[in-house]
Amino acid sequence: MTITISLKADNFSSLDVLPAAKTIENISQEKSAIATYEQQLRFEIDYPRPSDDPRELSEIPEVRMWFIRLDSRYPWLPFLLDWKAGELSRYTAMLVPHQFHRQEGIQFNPEALEIFLMQKVFVLHDWLQQMGIPSTARLKSMGQMLGYDLEDDLFGML
């Protein structure tokens with residue numbers, strides 16, 4: 001049951017997170033059923049660019065700023081993102097400094113990626129506990145998606 005949030009250029013230029021907020025608020029109000037929405041959310045981004053603009057969406061300041069605003073409102077959002085469809089990677093690219101290489105693909109700033117991951121681990125651990133959802137395996141999987149192996153000792157400290 002994939003949920004798609006459609007975004008247009010106007011949303012980005014005005015920092016209007018309302019299209020996402022409506023969907024996310026509806027989902028988050030169903031606390032007893034929130035786990036059924038795990039990894040179901042996708043963004044469909046319609047941001048027209050000139051044909052000679054080589055930038056990826058995550059390199060466009062207005063798009064990045066919109067995602068930063070969304071993340072500040074819903075820091076636990078990675079739980080809902082469709083990881084298999086690449087939404088976690090794209091979301092991360094919106095929030096973490098990186099470079100694109102034609103042959104190697106996206107290269108995140110390692111320190112920034114580590115800070116981002118740990119912040120998400122802390123936020124999601126607490127949020128998942130509040131929701132009554134087991135967190136350790138989920139957070140380890142998220143870490144692996146971003147290239148990190150999270151140790152059990154970390155979760156023992158939380």
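Which elements do the buried residues of H4 pack against? In this predicted model, they pack against strand E2 (41-46), H3, strand E3 (98-101), strand E4 (105-108), H5 and H6. Helix H4 is mostly covered, with seven of its nine residues buried.

- The buried residues of H4 are Glu87, Leu88, Tyr91, Thr92, Ala93, Met94 and Leu95.
- Asp71 is placed in helix H3, which covers residues 61-73.
- Asp71 has a relative accessibility of 13%, so it counts as buried, because buried means under 20% relative accessible area.
- Leaving aside residues up to four places away in sequence, Asp71 touches Tyr91, Leu95 and Lys120.
- Two of these contacts, Tyr91 and Leu95, are among the buried residues of H4.

**Strands**

- Strand E1 (residues 3-8) pairs with E2 in the parallel sense, over six bridges.
- Within this pairing, Ile5 has Phe43 in E2 as its bridge partner.
- In a regular strand, side chains alternate between the two faces of the sheet.
- E3 and E4 run antiparallel and are joined by four bridges.
- Three residues lie between E3 and E4, and the two strands form a hairpin.
- Opposite Ile106 in E4 stands Phe100.

**Aromatic rings**

- A pair of aromatic rings is described by two values, the distance of the centres and the angle of the planes.
- The structure holds nine aromatic pairs.
- One of them joins Tyr74 and Trp76, with 5.7 Å from centre to centre and 75 degrees between the planes, and it is edge-to-face.
- Both Tyr74 and Trp76 are buried.
- Trp76 also pairs with Trp127: the ring centres are 4.6 Å apart and the planes are at 0 degrees, so this pair is stacked.
- Trp76 lies in the loop between H3 and helix H4 (87-95), while Trp127 lies in helix H5, so their pair ties together parts that are 51 residues apart in sequence.
- The relative accessible area is 11% for Trp76, which is buried, and 9% for Trp127, which is buried as well.
- One aromatic cluster is made up of Phe12, Phe43, Tyr47, Trp66, Phe67 and Tyr91.

**The cavity**

- The structure holds one cavity of 30 Å³ or more.
- The largest cavity has a volume of about 50 Å³.
- Helix H5 (110-131) and helix H6 (136-145) are the elements that give two or more residues to its lining.
- H6 gives the most to this lining, with three residues.
- The lining is made up of Glu38, Gln39, Phe79, Trp83, Leu124, Leu128, Arg138, Leu139 and Met142.
- By type, the lining residues are six nonpolar, one polar and two charged.

- Gln39, one of the residues that line the largest cavity, is found in the loop between H2 and E2.
- The phi of Gln39 is near 55 degrees, which is a positive value in a residue other than glycine.
- Leu15 is not a glycine either, and it has a positive phi of about 55 degrees.
- Leu15 lies in the loop between helix H1 (9-13) and H2.
- The relative accessibility of Leu15 is 29%, so Leu15 counts as partly exposed.
- Lys22 lies in helix H2, which covers residues 18-28.
- With a relative accessibility of 52%, Lys22 counts as exposed, because exposed means over 50%.
- Lys22 and Arg90 are 68 residues apart along the chain, and their C-alpha atoms are separated by 21 Å.

Note on methods
Residues are numbered from 1 along each chain as its sequence is written. This is a predicted model: local features need pLDDT of at least 70, side-chain atom pairs count only at pLDDT 80 or more; totals for chains, interfaces and linings use all residues. Side-chain values use heavy atoms; hydrogens and water are left out. On a 1 Å grid over the protein atoms alone, a cavity is a set of points where a 1.4 Å probe fits but cannot get out, and a pocket is an open set with protein on both sides within 12 Å along at least five of seven lines; lining residues have an atom within 4 Å of a point. Grid points are joined across faces, edges and corners, and a volume is the space filled by probe spheres set on the points. Ala, Val, Leu, Ile, Met, Phe, Trp, Tyr, Cys and Pro count as nonpolar, Asp, Glu, Lys and Arg as charged, and the others, Gly among them, as polar. Buried means under 20% relative accessible area, exposed over 50%, partly exposed in between (1.4 Å probe, protein chains only). Contact means heavy atoms within 4.5 Å. Rings of Phe, Tyr and Trp (its six-membered ring) pair if their centres lie within 6.5 Å; planes under 30 degrees apart count as stacked, over 60 as edge-to-face and the rest as tilted. Two strands pair if DSSP finds at least two bridges between them.
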